[in-house]
Amino acid sequence: MTPHPYPGLRPFKREESDIFFGREQHVDQLLEKLGQHHFLAVVGTSGCGKSSLVKAGMLPALDAGFLAQAGAHWYVADLRPGHRPMWALAESLLASQAFGATRGTEPESLALLHATLRRGPLGLVEALCETPLPEHANLLVLVDQFEEIFRYRRDIDGQEADAFVALLVASVKQREVNVYIALTMRSDFLGDCAVFFDLPETINESQFLAPRLTRDQRAAAITEPARVFGGDVEPGLVNQMLNDMGADPDQLPLMQHALMRMWELASGAHSDDQSAQGVGANGIARVVLSLEHYRSVGGFLQALSSHADEALAELKDDRQKQVAERIFKRLTKREEGERDTRDPTPLRELVGITEASVEEVIRVINVFSQPGRSFLTPYLETSPTPTLDTIIDISHESLIRQWDTLKNWVIDEAKSADTYLRLEETARLYRAQNADPYRGLDLQGALEWRKTERPTDAWAKRYGAKGQETEAFEGAIAFLEESARNWDKEQASQERRRQKELIWAGVMFVVAVTGAVVFFVQWQSAEQQRERADEQTLRAEEHKLDLLTAIWKLTDVIRREREQLKPSTEEKLMELLGENVELLDKVTEQKGATAEALRTTSVTWTAIGDIQLESNARKAVEAYLSGLKIDERLVQKDPNNRQWQHDLSVSYNKIGKVLDKQNRLPEALENYQKGLAIRKRLAEEGREDDERRRDLAFNYGKITEVSIALNDFPAALAAAEQARVIREEHSDKCQGTCEQDRRRLADVYAKIAWITLLSGGSRQQAVQAAKRGWDLDPEQVRTNAIAAHAYLLNDQFQEARKIYRKGLRSSDAISFRHRSSDPISFRQAVSEDFKKLRENRIVHRGIAKVERLLK
Amino acid sequence: MAYVPGYKNDIFVSYAHVDNIPLSGISKGWVETFIDNLSTKLAQKIGRTDLFKLWDDRLLAQNAPLTPEILDALKGSATLVLVLSPGYLKSPWCQREKNAFYDLLRSKNRSSHSVFVVHRDRVEHESCPEEIRDLLGFRFWEERGKGKEPRIAGEPVPQPTDLLYWDELSDLAGKLSHALEQRRGSAPIEHSSGLLPPRDPTEPPVKRPKVFLAEVSDDLYKGRKKLLGALEQAGAEVFPKAPYPLTAVEYEEALGRDLGGCSLFVQLLSDLPGRELHGSTKTIVTAQLELARSLNKTLLQWRDRELDLKEVEEDSQRQILEGPSVMAISLEELQYEVLQKAFPRPAPESHAPLPTGDALVFVQSDAIDQALVKEICEVLDRERIGWVVPSETESPERVRHEVEDLLLGCDALMLIYGQSPGGWVRQQLMNCRKLRHKRETPLRALAVFEGPPPANKGELGISLPSLRKLICHQGLDASRIAEFINDVRSPSPAA
């Protein structure tokens, strides 16, 4: 008898048959099969209620004598294979009292029974012949979560696993003693049973696949327990809960959990205000669950997550929270391509992983396992004195799938394990002189991981390569430290080199300026006295070029190294540059300047523009324009010089980019188009020149973007089409080997889809284009967003929602470039996209739905 | 000679020529293609191509007046298929054709079962001629969402994947062939009961459950059709058999006639309230629901899981959708629920009926304590108190049903705790606790009779209110049972 009508997340217990409703017919069938075959395998997905069915349904029905042929006298040895199946069997047999007083539970009895069981497949029969059951009595061995045997067989002891199963099968086949075997198993392991001899045959004979509850049966499971307690559930709530349950396998435990929370809430409210709800027949206030309670606990989906968060928040400090996090991470297991599952773990290991004291760990576990919570089992307050071997487990896998915090932990843990595995492997290769030490991003990532995760040896043992555990962790950490030392050294020497370069550029500059002052005078006089010119001019030109080169180097160094420079140094260099910029003007004005000098000046202006771009757009445009003027002069000088032509197009593009950033779109477009005109010519002249074709595609891309922004969709589509042709060409040429080309092609398809949507074109076609883009570059958030929009507008809401959700999950980690060059989040991008759609009067009822999702 | 004796033609297809103008690049018009496909399907149904005759006016000039030739053909046709569309309604020629046929029907006093309406395109219900408004129709168009023109199935040419087209066509062919066979006298007037024959021919014919599958708003036409198919296939008789007239009085009259005899009321709901009844504020949705409620029918209502109730514009419709019997499940799931309810699993063969009398004691024991039970029953006999013990049966299902029935039907319960294990007694008490709230009146008495042997009788670990323990470890002591018997006799419940 239970004090509470709903068990919550944990399975029903054997003594809770009075609140177990809805499975009566299933229990009848279970008994029928068990009686006929002395064996029964109850299989089903996780969360379908196998354990409850057997424990609160089948066992009480046996006790009640419903299996008339066998009578009502049953001993039940209830076990999970866990980490020591044979021991678990021996323990459960003694605990079942099947051997009466003859065999106690003291260690010697256990050891003796264990030995008998291990003698051979008929070990159990032999034990029962030695110490017979009372007359008319039966023994049921119930192996709950039988699937644990597969992990045991694979990872720990294959021989013992085989012996354990052989013993079960042999016990079924005999009729000398009244032994029945029942097991529960997740259906996804059914195929694995073939690793054991005779087990598949035995299962074939008597298997019960736990059916889904019908709506009526689920309604009974909701209302009847409350009625046993003199309460009730409002019909509106019953229907709401039934409607909220999806086809999800977690529905039953979630339902039980929400009901438990509501009952607590409602019966708690009673003690405060008894008069409000009326009094039941037995004088106890009558509890009636209503929609109000349902909303209060967060409905079907949030009830569990918020309840678990509540428990987490109860922990008193960050240290305890961290202990909790580590415990839950250890208790879940991620397997490639499979659902996350539980991974029961002895207390000893949890203590090792959390680096906390036993008492501390127990305290945290109890917060999550206390009655009314039971997220973890067992509750160590009441369980027989916990030992370091006590197995701690998550009570139900639905917690792993429904508790948002835990879901994130599991993802983090998987990443962490990944980082470690890579580190361990590289360390091993390094020792064998097959790998370099970590540097750059690898190193940074690993150091960051070590700092935040603070991995321990106990933790690493779980993930390390099998057979390598010993010292692998120490080796990995030593390797990491060595890598860090190497990297520091390398960085220090590079820093020295860069500083040298800077000094060199400065010295060069000073030398050049000094030289220039001297020669500038001479140069001017030379201008005046042309007759003496030849030799002198030549020398003056040489120095002038030195001077220009010096300025160019200085500018380029600033542009490249700006982030690394101390602010004071940067300021000084900028000042120096500012003072000498007028020299560039001089060169520009100079009629007889050599082409080389002119080009150096032009590229210097461009570099100056780049430097100014962030801080002062106006000055940047001025600098680019100065460069552009020189480029124009050079082109005039020799219209056939392809390099100069290209320079000119670059200048147009640079100006276009600044204007684009300032949202001066028509002007930006004009510049991009001028750049395009030049690039078209260049591309036509040099058909085989891939670089030039790429340049051309770049401009088409820019024009597409600006045209979209201007809502000129025909122009945008035309440009995108051109870009597509070129990108396809390159993609064909390199057959998917060039990452860049593939990505850009993906981008073009996304744009085409976007234009189609915006212009109210065929949504089917938009989906096709978007899907092509997405296939080409599934990682790019932009192609994802567009694909989602296309699905949405094409009434494929499910597909769309999937992608939106994925995007939202990554929104904090990844920000991506929208049309403007500033990175923005997925959420922002989507809402801007929607704004744009509205602007263009593209409406769809799904948009509002997604906006709610975004909130 | 037609398939139906006495007629020149079996089927006359009346349609507007505008509906048969081929779209550019396509060689045949919609109606012509339709007739070809219908002929093929009908031939398959009836079994021979030359068995039926279809009046074909393809050779006639367009817009020809209702020539005597046509009128003749019309008169000589057993059934009329009418291709309804806006074009049809606008063509006076078609109207005349239709009227002529109706005149014939009236003069020959035949029912409108010979007329089949093919809805080629959406036609406002109100603008339909009265005679055909309420006829069983076959809808070849579907909604594409608000503000959009409907999609016409099979246009420009029927694609093999156009499920709507082929489903409707095949339904029409089915109904047509049935009508022809009826007219020919080779089929019973009633529809046959489903596809599956009864398993055992010696079994009495299964009674066909009557299900009321409520008329729906236009957007749910397809869903209803699917459910209808499943129910008919399973052998249910489904109402309404044809649309009801939309005048409030007539509608409710017809509705009452059909709904009264149905055991189950099934209604599909969407955000649309459905057509309004003339002369009433009710819509077809509310009218049907209200009547079903007032007749206390078992309601099975359904809405789409994806439907966002917050977005439903009409308040009254939202209230209906929020009702406590509206299931938000997939249509397949609904179909399962409906079939379960319409064809319930036969209950297990029931045990002998409970004796009726003043008081009935359920004496429950494990087989091992039979001797003790015998003694106790003798005491009860002497006291003239009725008793019942479980019958001997092997099937767990029957055992359970019997125990449950006895627990619910008895006036008092006595559990015999002799040699049976404590676990057994405990479990009986648990079952009693589990089922108590389902009893109409509380138990008058509840007792555990603790008989010999005295050993091994520990605490049961369970106690229910008003549970008596009758300790008779040395053997039956009638005085101990006296109190229990008093309780049984007292009309007021023990609790």
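**Aromatic pairs up close**

Modeller: Happy to! Tyr430(A) counts as partly exposed because its relative accessibility is 22% (buried is under 20% relative accessible area, exposed over 50%, partly exposed in between; 1.4 Å probe, protein chains only). This is a predicted model, where local features need pLDDT of at least 70, side-chain atom pairs count only at pLDDT 80 or more, and totals for chains, interfaces and linings use all residues. Side-chain values use heavy atoms, without hydrogens and water, residues are numbered from 1 along each chain as written, and chains are lettered from A and ligands numbered from 1 in written order.

Over all chains, the structure holds 28 aromatic pairs (Phe, Tyr or six-membered Trp rings with centres within 6.5 Å; planes under 30 degrees apart are stacked, over 60 edge-to-face, the rest tilted). Phe229(A) and Trp263(A) form an edge-to-face pair, 6.2 Å centre to centre with 75° between the planes. Phe229(A) lies in the loop between helix 9 (215-228) and strand 6 (232-233) of chain A and Trp263(A) in helix 11 (residues 251-272) of chain A, so this pair ties together parts 34 residues apart in sequence (helices, H or I of at least four residues, and strands, E of at least two, are DSSP runs numbered from the N terminus). Phe229(A), at 23% relative accessibility, is partly exposed, whereas Trp263(A), at 7%, is buried.

Back to Tyr430(A): its ring centre lies 5.1 Å from that of Phe479(A) and the planes meet at 55°, so this pair is tilted. Tyr430(A) belongs to helix 18 (residues 404-431) of chain A and Phe479(A) to helix 21 (residues 472-528) of chain A, so the pair ties together parts 49 residues apart in sequence. Phe479(A) is buried, at 3% relative accessible area. Ring pairs also link Tyr420(A), Trp449(A), Trp459(A), Tyr463(A) and Phe473(A) into a cluster.
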